[in-house]
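Good morning, colleagues. I would like to take a few minutes to go through one structure with you.

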Amino acid sequence: MKVLVIGNGISGLSAAIEAASLGMKVILAAPLQSERTQSVMAAGGINANTGGLNDDSAELHAEDTVKGGCFIEPEQDVMEFCEKAPENLKWLDKMGVMFNRTDDDGICVRAFGGQCRKRTAYAGSSTGKQIVTALVQKCLEYEIKGFIEKRYGLYFYSALITENRCCGALFFDPEKGQLEPVYADAVIFATGGQNKIFGKTTGSELCDGYAAGRLFTQGVLLRNLEFIQYHPTTIETDHKRMLITEAARGEGGRLYYLEGGKPVYFMEEKYGSNGNLMPRDIVSREIYNCPSQVYLDITFLGKEVIHERLEEVYQLCMDYIGLDVTKEPVPVEPSIHFFMGGIRVDRNHMTNIDCLYAVGEAASKYHGANRLGGNSLMAAVHSGRKAAQAINEKGSLLNDDMKESFNGYIEKEQETLSSIMNSKSLFPAVYIQRNIAEIMNKELGIVRSQRDIEEGIDSLDFYLKTLKSLHFDPSVSVYENYRIYYMAVLSKAIMLSALARQESRGAHYRTDFPESKEEFRKCSVAEFSAGEIKIRFENE
């Protein structure tokens with residue numbers, strides 16, 4: 001069996017390692033090294049029931065996850081995810097992730113929002129970096145043994161699909177200026193979320209939504225696109241929003257604004273002593289509605305605790321805004337952080353296309369309408385391993401006739417790419433991309449309405465028509481040029497999903513439909529057919 005894994009963050013690495021451990025040959029394709037992926041930005045921790053004195057259980061973890069996701073995620077899928085979490089945590093621990101330890105050598109856990117028990121394991125305030133480091137080292141072992149081949153410098157162009165089966169993928173190699181097919185018995189997409197569509201977010205611009213948009217036009221179904229999580233505590237820099245980890249509030253940090261020169265601890269006043277650890281959608285909306293600048297205060301924790309448990313927060317604020325968090329509160333604002341929506345997958349993480357899988361943030365699974373902090377890293381590990389296991393059990397092999405059937409398609413796409421590369425235009429693609437980001441942020445923010453969404457759709461329709469005939473300056477980036485149309489298609493699918501959900505649920509809040517409705521206690525599904533985007537709702 002040969003498996004092609006596209007993307008080398010935590011979900012992609014987990015999939016590659018699991019597939020290699022099962023005896024499969026893996027091609028791990030990505031533009032850059034794993035140390036450059038968004039996974040390294042994850043700070044706060046990873047969720048798993050560790051039992052012991054905490055009196056936690058998989059059932060409680062699942063209950064918190066389903067409740068936090070506003071009851072639209074299939075409970076049996078969430079339950080399996082939570083039951084496997086302790087095993088996956090041990091898998092990482094055994095691999096050498098440097099988790100903080102208790103006096104009896106157990107793994108330390110901290111409180112995170114929306115959870116009835118402390119179950120977020122952490123490695124200082126750089127959990128993502130520590131996990132990536134351990135996975136990269138494990139991956140190297142399988143490289144040496146010949147089970148994993150890493151291919152850097154490849155940019156995904158399109159899937160190779162025939163008769164509803166995925167047979168590999170086509171990549172753009174910018175050094176050669178050529179398209180290169182990579183065939184495989186199964187393909188796993190670990191390409192992350194859709195940050196670049198929205199411009200400044202807490203995530204990496206490498207996660208641009210192009211893969212989802214391109215697959216969408218190739219017949220892959222998308223799901224729950226309207227659910228976009230705003231992290232309540234971020235600071236702004238020149239290029240992006242920087243995350244102030246939820247761990248700061250998990251350690252006791254307090255949110256407030258000033259009124260008449262006195263602090264108003266609005267979350268505690270409205271939700272009680274644990275108000276600062278309400279689910280992220282609630283905290284973000286409360287901050288949005290505050291009459292003045294909101295601050296996060298951790299000064300009272302003391303220098304020792306801050307440097308021991310929140311060192312990254314200290315360094316980040318000092319480096320980017322020159323603020324000492326041991327002495328001053330941090331001015332914070334909500335920012336787009338995570339996409340609950342993505343590629344629709346089944347319990348084995350296979351899409352509606354045979355032998356095509358999606359994992360991590362690329363897939364819409366487990367989180368429902370709102371993700372709980374700490375669940376994303378566990379979902380990345382779990383989904384990667386789950387997909388690899390499913391591929392091994394399926395054992396569906398590709399034949400040579402299927403490969404040959406793509407010769408005409410590849411030749412045609414190379415001609416298309418050549419026309420892009422030989423364009424004489426001086427018009428920069430980034431201009432359109434920035435306009436799309438402005439539309440998405442303005443019309444699809446924390447609080448939405450039918451009027452705003454419809455205005456956004458009208459604006460996107462203008463650009464979609466324009467992009468069909470517009471040529472861009474190839475000297476800047478060929479990749480930027482060929483991806484932008486598909487990013488616009490995905491943007492419209494997100495808008496249409498938000499328009500179709502005529503209620504408020506989780507991260508989707510509409511002023512014209514402020515209540516949740518039983519009829520919408522379902523997942524939205526987007527389909528691209530005959531050039532049109534269709535939205536439906538389904539129970540799973």
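I shall speak about an open sheet, then a helix, then aromatic residues, and finally one arginine. Please bear in mind throughout that this is a predicted model.

Six strands make up an open sheet in the order 13-12-17-16-14-15, and the pairing is antiparallel. Which strands stand at the edges? They are strand 13, residues 241–243, and strand 15, residues 262–264. Each has a single partner strand, so one of its sides has no neighbour in the sheet. From one strand to the next, the twist averages 60°.

Within this sheet, I draw your attention to strand 12, residues 228–236, and strand 17, residues 330–339, which pair in the antiparallel sense over five bridges. Thr234, for example, has Glu333 in strand 17 as its bridge partner. Helix 8, residues 280–288, packs on the sheet. This helix touches strand 12, strand 14 (254–259), strand 16 (294–297) and strand 17, and its direction makes about 55° with that of strand 12.

I turn now to helix 5, residues 210–217. Seven of its eight residues are buried, so the rest of the structure largely encloses this helix. The buried residues are Tyr210, Ala211, Ala212, Gly213, Arg214, Leu215 and Phe216. After helix 5 comes Gly219, with a positive phi near 105°.

Tyr210 leads us to the aromatic residues. It belongs to one aromatic cluster together with Tyr155, Phe156, Tyr157, Phe171, Phe172, Phe189, Tyr479, Tyr482, Tyr485 and Tyr486.

How many aromatic pairs does the structure hold? The number is 23. Consider Tyr183 and Phe406: the ring centres are 6.3 Å apart and the planes stand at 40°, so this pair is tilted. The two residues come from distant parts of the chain, 223 residues apart. Tyr183 lies in strand 9 (residues 178–183), whereas Phe406 lies in the loop between helix 12 (400–404) and helix 13 (407–421). Both Tyr183 and Phe406 are buried.

Another tilted pair is formed by Tyr256 and Tyr265, with 5.6 Å from centre to centre and 55° between the planes. Are these two tyrosines buried or partly exposed? Tyr256 has a relative accessible area of 10%, and it therefore counts as buried, the limit being under 20%. Tyr265, at 21% relative accessibility, counts as partly exposed.

Aromatic rings also meet charged groups here. The charged end of Lys145 sits over the ring of Tyr142, 5.3 Å from the ring centre. Likewise, the charged end of Arg371 sits over the ring of Phe338, at 4.2 Å from its centre.

My last topic is Arg165, which lies in strand 8, residues 165–173. With a relative accessibility of 7%, Arg165 counts as buried. What does Arg165 touch, leaving aside residues up to four places away in sequence? Its contacts are Leu160, Asp185, Ile353, Asp354, Cys355, Ser396, Leu397, Leu398 and Met402. With Ser396, the side chain of Arg165 makes a polar contact of 2.8 Å. As for Met402, that residue is 237 residues away from Arg165 along the chain, while their C-alpha atoms are separated by 9.6 Å.

Thank you for your attention.

Notes:
Residues are numbered from 1 along each chain as its sequence is written. This is a predicted model: local features need pLDDT of at least 70, side-chain atom pairs count only at pLDDT 80 or more; totals for chains, interfaces and linings use all residues. Side-chain values use heavy atoms; hydrogens and water are left out. Rings of Phe, Tyr and Trp (its six-membered ring) pair if their centres lie within 6.5 Å; planes under 30 degrees apart count as stacked, over 60 as edge-to-face and the rest as tilted. Helices (H or I, at least four residues) and strands (E, at least two) are DSSP runs, numbered from the N terminus. Buried means under 20% relative accessible area, exposed over 50%, partly exposed in between (1.4 Å probe, protein chains only). A charge sits over a ring if NZ of Lys or CZ of Arg is within 6 Å of the ring centre and within 35 degrees of the ring normal. Contact means heavy atoms within 4.5 Å. A polar contact is a pair of N or O atoms within 3.5 Å; within protein, one must be able to donate a hydrogen and the other to accept it, and residues adjacent in sequence count only if both atoms are side-chain atoms. Two strands pair if DSSP finds at least two bridges between them. Axes are lines fitted to C-alpha atoms, for helices over the stretch in contact, and angles run from 0 to 180 degrees between N-to-C directions.
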